[in-house]
Amino acid sequence: MLNLEEKKATYLTEDISNIYNKPLLELVYEAQTIHRQYQPHNKIQLCTLSNIKSGNCPEDCKYCPQSSRYKTDIEKYSLLSKKEVLEQANAAKNSGATRFCMGAAWKNIPDNSDFDEILDIVKEVSKLNVEVCCTLGMLTEKQAHKLKEAGLTAYNHNLDTSSKFYKEIITTRTYEDRLQTIQYLASAGIQLCCGGIIGLGEDKEDRIELIKTLSNLNPQPESVPINVLVKVPGTPLSEQNEIDSFELVRTIATSRIFIPKAKVRLSAGRLSMNNELQTLCFLAGANSIFIGEKLLTTDNPQINKDKQLFEKLGVSPL
Ligand code: SAM
Ligand code: DTB
Ligand code: SF4
């Protein structure tokens, strides 16, 4: 069993892979043991997503339906009004979400009136007494500080996969660009939500490298979303092979063990998972989901189905 008191300053690939490759039942047992030390029992945080600016993104992320490079059937619109976003935030709160996450299909946050509007929206949403998270692409150090002042709780900026495999998936920005934004967020004191996607065609070593990089971030992320690729027609990855479900469980369990204080979020891809697989993910340390019928542009399970699952399992929203 990994003794966290002996937690190293820097994890090596070997540290992560020794855990990732354990017999599955032992791995899940260790992850659940750590989970019980660091996280509330039987509680799952509910989060809701709002796509506040949709489509026409200049980046070429091969998985993403919002890239302007691919012909996908999505709604495209410019920044929503404060009124619309607040309506959505109130509805999210009423359905039990304690975190409201706003996403924009931008390469980076523009330095114009849209950013002023975002600051205003963040201020208002934070008054609702929910955690406020944004994912708006790259940003400058100054923008990070302004978001912090406006009351932003956390910023989502995923590393997606290993630095080696990243180049196969995105060519319009680098892994170092991502790490730079993460650095600005840390210096502004904004909590980091940073995770990845599995099922992109990466191999196990890439998943291990991703977990290593996430574990070695200083400070570690407070939130680690683990997405399973949603295969959207029109994107280059629409015909990708399904990932083995147990690789998802291993990814979650290993993240839980090495990043014990974080919420590990079972994010995109739940629609293609049955109740039993989601339950195994919770047992392996996932303790948050997105609720609501849509993620950003793709479908998510119906709220009633999630409620039924929670009742069956005896877990309650955090
Ligand atoms: N444009 C910003 C950015 O890339 O940071 C924010 C929005 S972007 C859609 C947020 C995250 O959604 C991506 O980093 C990626 O991990 C995830 N994502 C996008 N499309 C996905 C898909 N088809 N399946 C699973 N996850 C996806
Ligand atoms: C994250 O890691 N997953 C969420 C959230 N952060 C922004 C987004 C998932 C998007 C899935 C594809 C879509 O709906 O467009
Ligand atoms: Fe743009 Fe983000 Fe989609 Fe990449 S993941 S295409 S940056 S919206």
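This is a predicted model: local features need pLDDT of at least 70, side-chain atom pairs count only at pLDDT 80 or more; totals for chains, interfaces and linings use all residues.
Visitor: Which residues are closest to ligand 2?
Guide: The closest are Asn158, Asn227, Leu296, Thr297 and Thr298, out of 13 residues that surround ligand 2.

Visitor: Which atom of ligand 2 does the Asn158 side chain approach, and at what distance?
Guide: A polar atom of the Asn158 side chain is 2.9 Å from an oxygen atom of ligand 2. For Thr297, a polar side-chain atom is 2.7 Å from an oxygen atom of the ligand. Asn156 has a polar side-chain atom 3.3 Å from a nitrogen atom of ligand 2.

Visitor: And how much of ligand 2 does the protein cover?
Guide: The protein covers 89% of the 400 Å² of accessible area that ligand 2 has on its own.

Visitor: Where does ligand 2 sit?
Guide: In the largest cavity.

Visitor: Changing topic: where is Thr235?
Guide: Thr235 is in the loop between β7 (223-228) and α9 (245-258).

Visitor: Buried or exposed?
Guide: Thr235 is buried, because its relative accessible area is 4%, and the cut-off for buried is under 20%.

Visitor: What does Thr235 touch, leaving out residues up to four places away in sequence?
Guide: Lys62, Tyr63, Cys64, Pro65, Tyr70 and Thr72. As for polar atoms, one in the side chain of Thr235 lies 2.6 Å from the backbone oxygen of Val232.

Visitor: Now α1. Which of its residues are buried?
Guide: In α1 (residues 13-20), the buried residues are Asp15, Ile16, Ser17, Ile19 and Tyr20.

Visitor: What do they pack against?
Guide: The buried residues of α1 pack against α2 (24-38), α8 (204-216) and α9.

How values were computed
Residues are numbered from 1 along each chain as its sequence is written. Chains are lettered from A and ligands numbered from 1 in the order in which they are written. Side-chain values use heavy atoms; hydrogens and water are left out. Helices (H or I, at least four residues) and strands (E, at least two) are DSSP runs, numbered from the N terminus. Buried means under 20% relative accessible area, exposed over 50%, partly exposed in between (1.4 Å probe, protein chains only). A polar contact is a pair of N or O atoms within 3.5 Å; within protein, one must be able to donate a hydrogen and the other to accept it, and residues adjacent in sequence count only if both atoms are side-chain atoms. Contact means heavy atoms within 4.5 Å. A residue is near a molecule or strand if one of its heavy atoms lies within 4 Å of it. Accessible areas come from the Shrake-Rupley method with a 1.4 Å probe; for residues, only the protein chains shown count as cover. On a 1 Å grid over the protein atoms alone, a cavity is a set of points where a 1.4 Å probe fits but cannot get out, and a pocket is an open set with protein on both sides within 12 Å along at least five of seven lines; lining residues have an atom within 4 Å of a point. A molecule sits in a cavity or pocket if more than half of its atoms lie within 2 Å of its grid points.
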